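Hi everyone, thanks for coming. I'd like to walk you through one model today, so let me put it on the screen.

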Amino acid sequence: MIQRIQTLFLLLIVCLGTALFFAPVLEFVTPVDAAVQRIFELSAVGLDEVTPDIDYIVVEPLTLNGVWGLTLTTLLIPFLALVDIFLYRRRILQARLNIFLAILCLGYYGILFIYVWFAKMNFGLEWHLIFWSCIPLICFVLTLAATRRILKDEALVRAADRLR
């Protein structure tokens, strides 16, 4: 199981996906003309305010409701990759699950776009991507590489079966 390179790809997806759960992916900033400049970071667990020295001003908290979509997607990526590792004897099912995992990695950006649009429309916040937002794209590329190797293994096994 570990000897196969696609297992290492999938293990790397598990590690990166787990790190993505705790890392902020977006930064929201109030407009420059606002009375108080506030900075928020969006991660899978929610929206956190990281504005320095805001203790002296009482401001209302900002909340994005329904961050469960981002949380669920962030949890599903490493979980499906971990399940995919243990399906090494059923290569066709493993390849199909990898395709679903690749679609899920791209769907992460769709869900992220919905939150950006919501924050822009309702609160007028400016947004900036943080380095950690590239993790789903890296997972997507690793998933495609693992799928290619799985299908290559399946072709090798079928060729060996024909020779017997």
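By helices I mean DSSP runs of H or I with at least four residues, by strands runs of E with at least two, and both are numbered from the N terminus.

A quick word on what you are looking at. This is a predicted model, where local features need pLDDT of at least 70 and side-chain atom pairs count only at pLDDT 80 or more, while totals for chains, interfaces and linings use all residues. Residues are numbered from 1 along each chain as its sequence is written, and side-chain values use heavy atoms, with hydrogens and water left out.

Back to Phe100. The C-alpha atoms of Phe100 and Leu80 are 9.1 Å from each other, with the two residues 20 apart along the chain.

Now let's step back to the whole chain. The protein chain has four helices and four strands, and from the N terminus the elements read α-β-β-β-α-α-β-α. Of the 164 residues in the protein chain, 40% are buried. If we take contacts (heavy atoms within 4.5 Å) between residues at least 6 apart in sequence, 69% of them join residues at least 24 apart.

On to the sheet. The four strands make an open sheet in the order E3-E2-E1-E4, with antiparallel pairing. Its edge strands are E3 and E4 (126-129), each of which pairs on one side only. From one strand to the next, the twist averages 25°. Here two strands pair if DSSP finds at least two bridges between them. In general, strands of a sheet pair through backbone hydrogen bonds, either parallel or antiparallel.

Let's go through the pairs. E1 (residues 26-29) and E2 (residues 39-43) run antiparallel and are joined by four bridges. In that pair, Leu26 is opposite Leu42, and Phe28 has Phe40 as its bridge partner. E1 is also joined to E4 by four bridges, again antiparallel, and there Glu27 has His128 as its bridge partner.

E2 also pairs with E3 (residues 46-49), in the antiparallel sense and over four bridges. E2 and E3 form a hairpin with two residues between them, and Glu41 stands opposite Asp48 in E3.

Last, a helix pair. The axes of H1 (residues 5-22) and H2 (residues 68-85) come within 8 Å and cross at roughly 155°. So H1 is roughly antiparallel to H2, a term used for angles over 145 degrees. Residues making this contact include Leu10, Val14 and Phe21 of H1, and Leu75, Pro78 and Leu82 of H2. Sorted by type, the residues of the contact are twelve nonpolar, five polar and one charged. Nonpolar covers Ala, Val, Leu, Ile, Met, Phe, Trp, Tyr, Cys and Pro, charged covers Asp, Glu, Lys and Arg, and the others, Gly among them, are polar.

Technical notes:
Axes fitted to C-alpha atoms, helices over the stretch in contact; angles between N-to-C directions. Parallel < 35°, antiparallel > 145°, perpendicular 65-115°, else oblique. Buried < 20%, exposed > 50% of the residue type's maximum accessible area, 1.4 Å probe, protein only.
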